[in-house]
Amino acid sequence: MMSNIARYAAALLVLAALAIPAQAQTATPSHTWTLHVAEQIATALDSPRAAVQERTMQLVIELAHRYPEVDLAPVVPGLLKIYRWDRDRGHRLMALAALHAVGDEYGMARLADLGGRDPSLTVRNLTYAAVADHRARQ
């Protein structure tokens, strides 16, 4: 039976392998990778370690831009949890950036609802800007 730390470490290793430079990757990700990458990312977002969460959110942003055809909707609940409950303003901003990059309708609707509750004026203003930008692109 794997401990939580071992599971998160394994998930992080998988995520690190996914971050190979673009020229070393094939032009189109495999079907199996496409189906399971969001599950692995969602697992890593649940890590109690801030560094794992930070790297995972960076990876979400990169994957959303590099592979727009990959469905990253399964990571939205984890990102919303970080956005809503993390005490660190930087983590909330990174979760906001990742949610914006994913562009999921549910995630953006929740951001519109939650944006006014954040104690940071910066986070509130950037949330409103992200939601407005998403709506303008629709």
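Q: What makes α-α-α-α-α-α-α the pattern that the protein chain follows, read along the sequence?
A: The protein chain has seven helices and zero strands, where helices (H or I, at least four residues) and strands (E, at least two) are DSSP runs, numbered from the N terminus. Read along the sequence, the chain therefore follows α-α-α-α-α-α-α. This is a predicted model, in which local features need pLDDT of at least 70 and side-chain atom pairs count only at pLDDT 80 or more, while totals for chains, interfaces and linings use all residues. Residues are numbered from 1 along each chain as its sequence is written, and side-chain values use heavy atoms, with hydrogens and water left out.

Q: Why does histidine 91 count as buried?
A: Histidine 91, which lies in helix H5, has 7% relative accessibility, and buried means under 20% relative accessible area, with exposed over 50% and partly exposed in between (1.4 Å probe, protein chains only). Histidine 91 therefore counts as buried. Leaving aside its neighbours within four places in sequence, histidine 91 is in contact (heavy atoms within 4.5 Å) with Ala50, Gln53, Glu54, Met57, Ile82 and Asp86.

Q: Is proline 29, at 14% relative accessibility, buried or exposed, and why?
A: Proline 29 is found in the loop between helix H1 (4-18) and H2, and its 14% relative accessibility places it among the residues that count as buried. Apart from neighbours within four places in sequence, proline 29 is in contact with Thr34, Tyr67, Glu69 and Val70. The C-alpha atoms of proline 29 and tyrosine 67 are separated by 8.2 Å, with the two residues 38 residues apart along the chain.

Q: Why is H2 called roughly antiparallel to H3?
A: The axes of H2 and H3 come within 9 Å and cross at roughly 150°. Axes are lines fitted to C-alpha atoms, for helices over the stretch in contact, and angles run from 0 to 180 degrees between N-to-C directions. Angles under 35 degrees count as roughly parallel, over 145 as roughly antiparallel, 65 to 115 as roughly perpendicular and the rest as oblique, so H2 is roughly antiparallel to H3. In this pair, Trp33, Val37, Ile41, Ala44 and Leu45 of H2 meet Val52, Gln53, Thr56, Met57, Val60 and Leu63 of H3. By class, their contact has nine nonpolar, two polar and no charged residues, with Ala, Val, Leu, Ile, Met, Phe, Trp, Tyr, Cys and Pro counted as nonpolar, Asp, Glu, Lys and Arg as charged, and the others, Gly among them, as polar.

Q: How do you know that H5 and H7 are roughly parallel to each other?
A: The axes of H5 and H7 come within 10 Å and cross at roughly 0°, and H5 and H7 are therefore roughly parallel to each other. The residues of their contact divide into five nonpolar, four polar and four charged.

Q: Which residues touch the most other members of the largest nonpolar core?
A: Of the 30 residues in this core, they are Ile41, Leu63, Leu72, Val75, Leu79, Tyr83 and Leu111. The elements that give two or more residues to the core are H2, H3, H4, H5, H6 and H7. A nonpolar core is a set of buried Ala, Val, Leu, Ile, Met, Phe, Trp, Tyr and Cys residues joined through side-chain atoms within 4.5 Å. Leucine 111, leaving aside its neighbours within four places in sequence, is in contact with Leu80, Tyr83, Leu96, Leu99, Thr127 and Val131.
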